[in-house]
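Hi,

Here is the structure I promised to pass on. Have a look at it first, and my notes follow below.

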Amino acid sequence: MGIEKGNSYAMNAYAVMLFQGNVVKQNYKESERYFKMAISYGNKYAMNNYGIDLYEGYGFPVDKIKGLEYLKKAADKGYSNACHRYAFLLYTYHDINVTFEEIGRYFKMAADQDHVDAMYYYGLMLENHEIQNPDYLDCMEFFTKAAEKGNLMALRKLNKDENVQNIFDNEIDI
């Protein structure tokens with residue numbers, strides 16, 4: 001097993017298995033131990049996973065601040081999912097003092113790695129003038145890129161798909 005050899009990817013994978021109860025018995029305490037072990041080796045995926053779990057309170061007591069700290073560490077290592085998640089949570093979580101410039105920087109980092117939702121939100125921040133020196137053409141460029149990759153919110157923004165408009169306008173019975 002790669003864990004004994006210091007393989008942080010194996011540590012993270014095992015932590016996820018323990019967390020989900022996949023193949024092994026579910027054990028949050030042990031999963032936390034393996035997440036932290038992988039994190040000590042600088043594993044950005046473990047930082048992301050553990051950060052989400054802390055922020056949302058999945059298996060652990062909710063700790064939004066610590067969860068955001070781990071997500072930021074993963075984002076600073078360039079993991080696009082962490083960049084988007086961190087920016088999105090900052091954008092929607094109002095009890096933390098952070099500038100729109102910082103939020104936009106992380107959305108842009110993820111968008112530059114083709115993260116579709118980040119493209120949309122970066123465009124939205126430009127459109128809303130939440131980022132310094134917004135350029136409307138830039139905003140439309142990000143909406144267009146996101147729409148081309150199937151982001152429904154971007155498609156609606158651009159009014160390019162009647163079916164998308166119908167999805168948002170009609171009640172859906174489940």
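How many aromatic pairs does the structure hold? The structure holds 19 aromatic pairs. Here, rings of Phe, Tyr and Trp (its six-membered ring) pair if their centres lie within 6.5 Å, and planes under 30 degrees apart count as stacked, over 60 as edge-to-face and the rest as tilted.

Before the details, a word on where the numbers come from. This is a predicted model, in which local features need pLDDT of at least 70 and side-chain atom pairs count only at pLDDT 80 or more, while totals for chains, interfaces and linings use all residues. Residues are numbered from 1 along each chain as its sequence is written, and side-chain values use heavy atoms, with hydrogens and water left out.

Back to the rings. Phe 35 and Tyr 50 have their ring centres 6.0 Å apart with planes at 35°, so that pair is tilted. Phe 35 sits in helix 2 (residues 28-40) and Tyr 50 in helix 3 (residues 44-56), so to speak 15 residues apart, and the pair links distant parts of the chain. Helices (H or I, at least four residues) and strands (E, at least two) are DSSP runs, numbered from the N terminus. Phe 35 and Tyr 50 are both buried, where buried means under 20% relative accessible area, exposed over 50%, and partly exposed in between (1.4 Å probe, protein chains only).

Phe 107 and Tyr 121 make a stacked pair, because their ring centres are 5.5 Å apart and their planes are at 15°. Since Phe 107 lies in helix 6 (residues 100-111) and Tyr 121 in helix 7 (residues 116-127), this pair ties together parts that are 14 residues apart in sequence. Phe 107 counts as buried, at 0% relative accessibility, and so does Tyr 121, at 14%. Both also belong to a cluster that ring pairs build from Phe 88, Tyr 91, Phe 100, Phe 107, Tyr 120, Tyr 121 and Phe 143.

Which residue lies over the face of Tyr 55? That is Lys 64, at 4.2 Å from the ring centre. Lys 64 also lies over the face of Tyr 93, at 5.9 Å from the ring centre. The rule for a charge over a ring is that NZ of Lys or CZ of Arg is within 6 Å of the ring centre and within 35 degrees of the ring normal.

Now for the overall picture. The chain has ten helices and zero strands. Of its 174 residues, 40% count as buried.

Asn 48 counts as buried, at 5% relative accessibility. Leaving out residues up to four places away in sequence, Asn 48 touches Leu 71, Ala 74, Tyr 79, Asn 81 and Ala 82.

Cheers

Technical notes:
Contact means heavy atoms within 4.5 Å.
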